[in-house]
Amino acid sequence: MTKDVLAKALKGEPIQFDDPGFQAVDDLVARNSRILAELNTNYHQRDDVIALLSKMFQTRVSLTNNLLPPLQTDFGGHIFLGEDIFINRNCMFVDLGGIYIGDRVLLGPGVTILTVNHEENPATRRNLYCQAVHIEAGAWLGANVTVLPGVTIGKNAIVGAGSLVTKDVPAETVVIGSPARVLRQIKTE
């Protein structure tokens, strides 16, 4: 019996593009595209934005969170938010592999979080490899940061604007650059 494609994605198992279960992904993408169109083309009060996110993510999103549209996501069903999160405009989440955002996280404008990769071989390049991204409590990602699949951003870390994060970021550090490298520890005084 073929495992559910959505469960495979969250477990980081390879997904064959021709898997018959892939239709479930396509169905959710179509459903969530309609929700994104509503979110991104009309003005909404904060409570209405949260209600649309809850519908798209298929889980309750806390009213303590704040998102400034527009938001883009290719899937939408594998985004998991904590409390008191701020997501600025024009963020892009490629979330099939799972994006886990902890409490009090700040995401600057234009942040891109990727959880999906493809095979190198051109003959099988449409097959997917998913790896979750974890952004731990209190982290701050500056404008136009890109986070690659499988990365964990540690608690209270700061990722400088324009950085490309290719590996885990230690807690309580500032990282910058492409690829992002540790600059220093967080100053607390």
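Mentor: The largest nonpolar core has 37 residues. L53, F93, L107, I135, L141 and I153 have the most contacts inside it. The helix α3 (46-57) is among the elements giving two or more residues to this core. With six residues, α3 gives the most.

Mentor: This is a predicted model; local features need pLDDT of at least 70, side-chain atom pairs count only at pLDDT 80 or more, and totals for chains, interfaces and linings use all residues. Residues are numbered from 1 along each chain as its sequence is written, and side-chain values use heavy atoms, with hydrogens and water left out.

Trainee: What makes a set of residues a nonpolar core?

Mentor: Its members are buried Ala, Val, Leu, Ile, Met, Phe, Trp, Tyr and Cys residues, joined through side-chain atoms within 4.5 Å.

Trainee: Why is F22 called buried?

Mentor: Buried means under 20% relative accessible area, exposed over 50%, partly exposed in between (1.4 Å probe, protein chains only). F22 has 11%, so F22 is buried. F17, at 35%, counts as partly exposed.

Trainee: Why is the pair of F17 and F22 called tilted?

Mentor: Rings of Phe, Tyr and Trp (its six-membered ring) pair if their centres lie within 6.5 Å; planes under 30 degrees apart count as stacked, over 60 as edge-to-face, the rest as tilted. Here the centres are 5.5 Å apart and the planes at 55°, so the pair is tilted.

Trainee: What makes F80 and Y100 a stacked pair?

Mentor: Their centres are 4.8 Å apart and their planes at 15°, so this pair is stacked.

Definitions and conventions
Helices (H or I, at least four residues) and strands (E, at least two) are DSSP runs, numbered from the N terminus.
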